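This report describes selected features of a protein model. It is meant to be read alongside the sequence and the coordinates.

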Amino acid sequence: MTALLSLDRLSKRFRGLVAVDGVSFAVPEGAIFAVIGPNGAGKTTLFNMIAGAIAPDSGTVSFAGEDITGLAPDAVCRRGIARTFQLVRPFPALSLEDNVIVGALLRRTDVDAARVKARELLRRFDLFDRRHQPASSLTLPDRKRLEVMRALATEPKLLLLDEVVAGLRPTEVDRLVTVLRELNRDIGLTILLIEHVMRAVMALASRVVVLDHGTAIAEGEPHEVVRDPAVVQSYLGQSEVDIRVV
Amino acid sequence: MIARLADGASRRALGLLAAVFAALAIAPFVVNDYLLTVMIVALYLAYTGQAWNIMMGFAGQLSLGNAIYAGLGAYVAAVLFTRYGVAPWLGLLVAIPVTAACAAVIGFLAFRFGVAGVYFAILTIAFAEFARVGFDHLDFVHASAGLFLPVTQYTHDDLWRLRGNPTMFYYVILAATAVAFLLSRALLKSRIGYFWLAIREDEQAARAAGIDTFRYKMFALMISAAVTSFAGVFYAFFYNNLFPEQVFNITQSIEMILGPIIGGVGTLFGPVLGAFVLTGMAESVTSIMAALGFDLPGAKQVFYGICLLLVVVALPEGIWPPLARRLGIDRLGINKAGIDKDRR
């Protein structure tokens, strides 16, 4: 498998604080790749640099063989990287369906065709019956699903998910995990996710990279990584306790 | 095309629209000259309000200087007519690109350099003021002395040169308002409309969804300006005189936006309804005051202020959305449930 996305010594500092410090890794095409790490480890900053929301101080982001470092967010999306936001950002006054249509219109000019695509996604995510509700009336789990749908509607090759299952109940987590696995299997969607919920990481990810204080301290299969002493220490401080996979 | 425009509109909305249009179409036969002039003013504000609504209501960009586009349209067409005898409809073909280019300059400066929200609004005021002062010193258009169009007693209406009686002007502005309404709806239902709403709702999320927000905000400004420029052409040929102090004045810009704010920003019916409510009530207030023997200059402005205050406090969405719900038409004049019934 060739790398779809590769980061090369990516760094970002905010004033004196080094948020991301020389992080490099490669996400192979078709993989489900997770970035984990304690709060403040630089995960969201890393995502923002990939998605073009902030420009890195140094290092490069390459996508499908092209250097996309510093491109604007919309240009990044048009190249095939769609993202969700950790703090969900639906278009509140628009209906659920119209929210997804906006995403679908990126690859089509006809609104009716975009509606067909949007409804396909709404069915897949069990929100078809609520498609006329304004996004502002949705519960948090539904807004999270909306974020994923809108991102998927842009037909990305790579989907960036920023804590998309955080705040969801275990059954809801499992449901979303199932849909994401299906998308990965059926259309070969590559997924890069930031996640705190280990249940989702263990169920989804084929490979995990661990960030701590802006640096990658470990990378590997999920089960290896959670037993890595450096990882355990970063999560729990000086301790011998294993991370239990709940 | 016509069928496409009506697509998805509820029966009630279409019925209401037809009734309003019919009433407005027969109005000149039943109302007196004074009332006809009032209705021309109301339609003028409905038209300019719709143009402003494209920029603010759809794309979320607050302009407080739309008078610059009307003023430019007015001056371009009036100069071409008085100096070179060019008919206003041909003048419009020059006025539209000129105003759209002006909007493009304002938009470029604002959106390239991240001027947004109230700062963008201030920039639009600055440009309108700049135009006011500039034209006030521009001898080519007779500066502050004003530009006058020749007026004679008209025996017949000359639609091509826009010389004639108020009834002709009434039908011209009525037709323009109808066209602006259809244009607004067509835009709102198309790809560009969805992108505008996305930008209005959350610009960052819109960019993340791949929308080139700079480009679509520019389109909103330029379309709004181009639509407004016709209002200027109309103004010049209806009033026959242009003073920079008047046409570029901020009160013109404010009057253009009061209709949509009172009627409902972002709705299709709102700007039209708001313009009629506001003009009708303002004229009533003026007449009643005159009948009571008061002559207070500025009473109309105070009245506008009170209306705005009441709407902001009591009906922040404007008059139309709650009225639409009561009539069983949803806020955009599009009954969504209706669409599904038809399509399934």
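The following paragraphs treat the sheets, the helix packing, the backbone exceptions and the chain contact in turn. The model is a predicted one.

**The six-stranded sheet of chain A**

In chain A, six strands make up an open sheet with mixed pairing, and their order is 6-7-8-3-9-10. Its edges are strand 6 (81–83) and strand 10 (215–220) of chain A, each of which pairs on one side only. On average, and with direction ignored, neighbouring strands of this sheet are turned by 20° against each other.

Within this sheet, strand 3 (residues 32–36) and strand 8 (residues 190–194) of chain A pair in the parallel sense through four bridges. Here Ile32(A) stands opposite Ile191(A) of strand 8 of chain A. Strand 9 and strand 10 of chain A, by contrast, run antiparallel and are joined by five bridges. Leu211(A) has Ala216(A), in strand 10 of chain A, as its bridge partner. The hairpin of strand 9 and strand 10 of chain A has two residues between the strands, and His213(A) in this hairpin takes a positive phi near 50°.

**The four-stranded sheet of chain A**

Another open sheet of chain A contains four strands in the order 2-1-4-5, with antiparallel pairing. Strand 2 (17–28) and strand 5 (66–67) of chain A are its edge strands, each pairing on one side only. Eight bridges link strand 1 (residues 3–14) of chain A to strand 2 of chain A in the antiparallel sense. In this pairing Ala3(A) stands opposite Pro28(A) of strand 2 of chain A.

Helix 1 of chain A packs on this four-stranded sheet, where it touches strand 1, strand 2 and strand 4 (58–63) of chain A; the direction of helix 1 makes about 60° with that of strand 2 of chain A. Helix 1 (residues 43–51) of chain A also packs on the six-stranded sheet, touching strand 3, strand 6, strand 7 (158–162), strand 8 and strand 9 (207–212) of chain A, and its direction makes about 150° with that of strand 7 of chain A.

**Helix packing in chain A**

Two packed helices are described by the angle between their axes and the distance between the axes. Helix 3 (residues 96–104) and helix 4 (residues 111–124) of chain A pack at about 115°, and their axes are 8 Å apart. The crossing of helix 3 of chain A past helix 4 of chain A is right-handed. From helix 3 of chain A the contact draws on Leu96(A), Glu97(A), Val100(A), Ile101(A) and Ala104(A), while the residues they meet in helix 4 of chain A include Val111(A), Ala114(A), Ala118(A) and Leu121(A). By class, this contact has nine nonpolar, no polar and three charged residues.

Helix 5 (residues 140–153) of chain A has 14 residues and reaches 20 Å from its first C-alpha to its last, close to the 20 Å expected at 1.5 Å a residue. Because 12 of its 14 residues are buried, helix 5 of chain A is largely enclosed by the rest of the structure. Charged side chains are found in this buried set, among them Asp142(A), Arg143(A), Lys144(A) and Glu147(A). The cover over the buried residues of helix 5 of chain A includes strand 6, helix 3, helix 4, strand 7 and helix 6 (170–187) of chain A.

**Residues with positive phi**

Most residues other than glycine have a negative phi. The table lists residues that depart from this pattern.

| Residue | Phi | Location |
|---|---|---|
| Arg9(A) | about 45° | strand 1 of chain A |
| Glu155(A) | about 55° | just after helix 5 of chain A |
| Leu162(B) | about 50° | loop between strand 1 (147–148) and helix 7 (166–188) of chain B |

Is Arg9(A) buried or exposed? Arg9(A) counts as exposed, because it has 12 C-beta neighbours inside 10 Å. Leu162(B) has 22 C-beta neighbours inside 10 Å and therefore counts as buried.

Methods:
Residues numbered from 1 in each chain as written. Chains lettered and ligands numbered in written order. Predicted model: local features only at pLDDT ≥ 70, side-chain atom pairs only at ≥ 80, totals over all residues. Pairing = 2+ DSSP bridges. Axes fitted to C-alpha atoms, helices over the stretch in contact; angles between N-to-C directions. Contact = placed C-beta atoms within 7 Å. Left-handed = near helix turned anticlockwise from the far one by under 90°. Expected span 1.5 Å × (residues − 1). Buried ≥ 20, exposed ≤ 12 C-beta atoms within 10 Å, placed from the backbone.
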